[in-house]
Amino acid sequence: MTLITGHRGARNLWPENSLTGFRNAAQLGVDAVEFDVHLTLAGELVVIHDPTLERTTESAGPVPDLSIEGRKATRLKGTDEAIPTLDEVLQVLAPNDAIDLHVEIKVGGNGTPYPDIAARVASELARFGIEERSYLISFDLSVLEDCRHHAPKISRLVSVNAAWAERQGGLAAFIDRVDELVKIIAIHHELMEAEWDLIRNRLPLERLCVWTVNDEANLRHWLGRGIGSLTSDSPDLALKLRSTIMA
């Protein structure tokens, strides 16, 4: 059965990376929830996708520059909520032991990893006792190496799209490079389709995640192929279609 992950909570349904989105996505019955973590100069692990505030909040400026008071005063678009901290998100999601957590560790706006962020995120997951149902995610292989060093018991997932694969010498070379580093390889749906024969010859279905799939035709396509997991901004539709395919 293909597992369904709610992308940034479920961003086609509720504001992305919001506590409201995480609560509601969990109630949908998703198998996992994905979200993103940055580190501020104030020392807070904050859950937001972009390294800047403009797209998803009513404020502007770099996320790392947020003070604690500034974060609390910033409002996510379409909500009266502040940018949540990792601790606040884990308080919502950790008690539901039916849901895995896909925690993407972001890099700063200049592409440089935040100092010690892997160790700090891993420590938070350990504090909540959810290491066994968590995945640490990054595009950056140095971040994943840090995750392996600091938290060898927490599973790792790497994401890749066509542009990133090309910069790594092609998808085949990328798969060879990460094979021992990660449990799951998450491949953008366009690259997955273009390189399907290569991928199937290199990896078992259970190690594959396809992202981000939102429309009905593509959801049916990938659910029908039996991919290990699927990430969607519309997990409600994905869950509905999975139930009909399995019936």
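I shall begin with the basis of the model and then turn to the rings.

This is a predicted model, in which local features need pLDDT of at least 70, side-chain atom pairs count only at pLDDT 80 or more, and totals for chains, interfaces and linings use all residues. Residues are numbered from 1 along each chain as its sequence is written, and side-chain values use heavy atoms, with hydrogens and water left out.

Searching the whole structure gives three aromatic pairs; rings of Phe, Tyr and Trp (its six-membered ring) pair if their centres lie within 6.5 Å, and planes under 30 degrees apart count as stacked, over 60 as edge-to-face and the rest as tilted. One of them joins Phe139 and Trp211: the centres are 6.0 Å apart and the planes stand at 85°, so this pair is edge-to-face. Phe139 sits in the loop between strand S5 and helix H5, Trp211 in strand S8, and 72 residues separate them; helices (H or I, at least four residues) and strands (E, at least two) are DSSP runs, numbered from the N terminus.

Phe139, at 24% relative accessibility, is partly exposed, whereas Trp211 is buried at 16%. Here buried means under 20% relative accessible area, exposed over 50%, and partly exposed in between, with a 1.4 Å probe and protein chains only.

Trp196 and Trp222 also pair edge-to-face, with 5.7 Å centre to centre and 65° between the planes. Trp196 belongs to helix H9 and Trp222 to helix H10, so the pair ties together parts 26 residues apart in sequence. Both Trp196 and Trp222 are buried.
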